[in-house]
Amino acid sequence: MTENADKRIRLAWFLDGHVPYDWRGTFSREHADGFADPAFFVDQARALERAKFDYILVEDTTFVPANHNASYDACLRHGIAVPKLDAISLMSFLLNATNKIGIVGTLSTTEYLPYHVARVIASLDHLSGGRAGWNIVTGVSDNAQQNYGRDRILEHDARYAIADEFVELVQGFWNSWDADAIVKDRERNVYVDPTKVHEINFKGQHFSARGPSIVPRPPQGKPLLAQAGASPAGRSLAAKYADSIMAIGGDPAVMKEYRDDVRTRMAAAGRNPDDCKVMFIGRVIVGATMAQAEEERQRRIEAILDDPEWAIAVLCNLVSYDLGQFDPDDLLSDIVPQVTSNGTQSMLRDMIAQPPGMTLRQYAARDTQFFNFVGTPESIADHMQDVMEHVGGDGFVLADYYLDRRSLAAVTDGLVPELRRRGLVHDDYPHDMARTNLLSR
């Protein structure tokens, strides 16, 4: 391997589920016993900040999943996506506990109103000195819609058409105040210059708003926007607005095709493709030796093979289809033709792409959609560098379903120092605001 790659690797962390799936694990007992105990979230955010991660993405869903055997039971039994704190509340807490790292919250365009999102994110951006962000999602579940008084979620591309207009309006609210609107002129007794605050008078197909916002322009101007569109409609939305795109990892050839495609779409939308970081999702297991890391990986696989219910319930939630109705040992090739999904399309495509002979049980035990970084700090750094050189990407959004303080320290105090030794990550935050840090050279 050659050291000092031409482009630094950006790193973010995917805070998924808000509670560890391995809640029975030896090293997760203290924070798993109290799901709302702030100590673990604070320790996590501060550790990631010490390691100079660009941002933490706070995942969110707003329903108790009932996609496994048409019941809540499996998700409740195994603690899957429930209990879960409100993403905005957790964002506020993490921003208050840190100084430099960005905190990006998931707010759905089918569950919030544009004015609410604009006000909340702008408020958090002011309170944090420019470190708030918004992960733009369109929702995937009828269950969530039923908590908001609607029967079903809209068709996939219709959701993205609404999301496009939604983001445009949110940015209109942010721009309704000029950057210098607050003048605090004591001599003239003027706090805000009225000529620098504007109605937006937005009239679209789905939304209308007069404006202006009650919150001044965010310190970042445009808070950090993240998106994870994999479908053509999702790619177009991300290319138009996102500063950071979370993309599916796994096959380097597919990753390169994805990145090249969204960069082409950015150029077509009049954007500089370098103004958005394409970051691939990866699961990470760091060991002191290769044998130790592989042993932990096998432990996780065997646990699912022995009792696949919880992992199949996770798949049900992702694909928005009841896979629990099938026997775990049914062939995936027999199941997939029966699946009709208005949910995560990339997951359905991944299921279709699996080789003949794979069972549902085996598929649930594999992270085929994501890069699995398994090894020592040195071997994982080699792997990351190889992927970036082949794909031309910008970095990784790391995650661990089995997160505890020990596994987190292996990343922040083992892997990241090795990346830094090679000159692959920043030594420090070059700027004060999250979006500027992410997009800096």
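Visitor: Why is Cys 276 called buried?

Guide: This is a predicted model. In it, Cys 276 has a relative accessible area of 2%. Buried means under 20%, so Cys 276 is buried.

Visitor: What makes Cys 75 buried or exposed?

Guide: Its relative accessible area does. Cys 75 comes to 3%. The limit for buried is under 20%, so Cys 75 counts as buried.

Visitor: How do you know that Cys 75 is in no disulfide?

Guide: The count of disulfides is zero. For Cys 75, the nearest cysteine sulfur belongs to Cys 316 and is 7.7 Å away.

Visitor: Why is helix 8 called largely enclosed?

Guide: Helix 8 covers residues 232-241, and seven of its 10 residues are buried, so the rest of the structure largely encloses it. Among the buried ones are Arg 235, Leu 237 and Tyr 241.

Visitor: What do the buried residues of helix 8 pack against?

Guide: They pack against strand 4 (132-137), helix 7 (156-174), strand 9 (224-227), strand 10 (244-247) and helix 9 (252-268).

Visitor: What makes Asp 261 and Arg 235 a salt bridge?

Guide: Their side chains meet at 3.0 Å, N to O. The cut-off is within 4 Å, so the pair qualifies. The two are 26 residues apart, with Asp 261 in helix 9 and Arg 235 in helix 8. Asp 261 and Arg 235 are both buried.

Visitor: Which residues are linked with them in a network of salt bridges?

Guide: Glu 257 and Arg 265 are linked with Arg 235 and Asp 261 in that network. A search of the whole structure finds 25 salt bridges.

Visitor: How do you know that Asp 260 forms a salt bridge with Lys 256?

Guide: Their closest N and O atoms are 3.4 Å apart. Asp 260 and Lys 256 are four residues apart in helix 9, so about one helical turn separates them.

Visitor: Why is Asp 260 called partly exposed?

Guide: Its relative accessibility is 33%. Buried is under 20% and exposed is over 50%, so Asp 260 falls in between. Lys 256 is partly exposed too, with a relative accessible area of 33%.

Visitor: What makes Glu 294 and Arg 297 a salt bridge?

Guide: The N to O distance is 3.1 Å, and the limit is within 4 Å. Therefore the pair counts as a salt bridge. Both residues lie in helix 10, three residues apart.

Definitions and conventions
Residues numbered from 1 in each chain as written. Predicted model: local features only at pLDDT ≥ 70, side-chain atom pairs only at ≥ 80, totals over all residues. Heavy atoms only, no water. Buried < 20%, exposed > 50% of the residue type's maximum accessible area, 1.4 Å probe, protein only. Contact = heavy atoms within 4.5 Å. Disulfide = S-S within 2.5 Å.
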